[in-house]
Amino acid sequence: LKKKDGMRRYITAPRICWPSANSIHLVQVESFRHMGEQLWFQMPGAYVVCDNCEKSVPQSMGALQGEPLKPQFAQSQFLCSDCLQS
């Protein structure tokens with residue numbers, strides 16, 4: 001690093017401290033990767049449950065509803081296209 005006057009400033013104290021070797025404790029961590037689709041959604045938000053009829057539909061087949069004067073992200077209900085038409 002350079003100061004305004006062009007002189008270099010050296011840092012004498014170390015900025016990173018590593019623990020001593022005898023304070024390290026290894027822990028075995030179990031992998032759940034093989035359970036893939038049972039634990040995680042592959043495409044979260046791709047299918048949404050209609051708040052009216054409880055049918056699961058693609059997100060593109062419905063819309064958020066609720067407060068007409070508030071922005072889209074403030075809407076609290078999702079209705080499928082069938083419920084929007086009735």
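Analyst: A polar atom in the side chain of Gln-75 lies 3.2 Å from the backbone nitrogen of Gly-66. The side chain of Gln-75 also reaches the backbone oxygen of Pro-71, at 3.0 Å. A polar contact is a pair of N or O atoms within 3.5 Å; within protein, one must be able to donate a hydrogen and the other to accept it, and residues adjacent in sequence count only if both atoms are side-chain atoms.

This is a predicted model, in which local features need pLDDT of at least 70 and side-chain atom pairs count only at pLDDT 80 or more, while totals for chains, interfaces and linings use all residues. Residues are numbered from 1 along each chain as its sequence is written, and side-chain values use heavy atoms, with hydrogens and water left out.

Gln-75 sits in the loop between strand 3 and strand 4. Strands (E, at least two residues) and helices (H or I, at least four) are DSSP runs, numbered from the N terminus. Gln-75 counts as buried because its relative accessible area is 13%; buried means under 20%, exposed over 50%, and partly exposed in between (1.4 Å probe, protein chains only). Leaving aside neighbours within four places in sequence, Gln-75 is in contact (heavy atoms within 4.5 Å) with Leu-64, Gln-65, Gly-66, Glu-67, Pro-68 and Lys-70.

Ala-63 belongs to strand 3, residues 62-65. Ala-63 is partly exposed, with a relative accessible area of 25%. Setting aside neighbours within four places in sequence, Ala-63 is in contact with Gln-77, Phe-78, Leu-79 and Leu-84.

Phe-78 and Leu-79 are also among the seven residues of the largest nonpolar core, with Val-48, Cys-50, Val-57, Cys-80 and Cys-83. Strand 4 (residues 77-80) gives the most to this core, three residues. A nonpolar core is a set of buried Ala, Val, Leu, Ile, Met, Phe, Trp, Tyr and Cys residues joined through side-chain atoms within 4.5 Å.

Buried residues make up 10% of its 86 residues.
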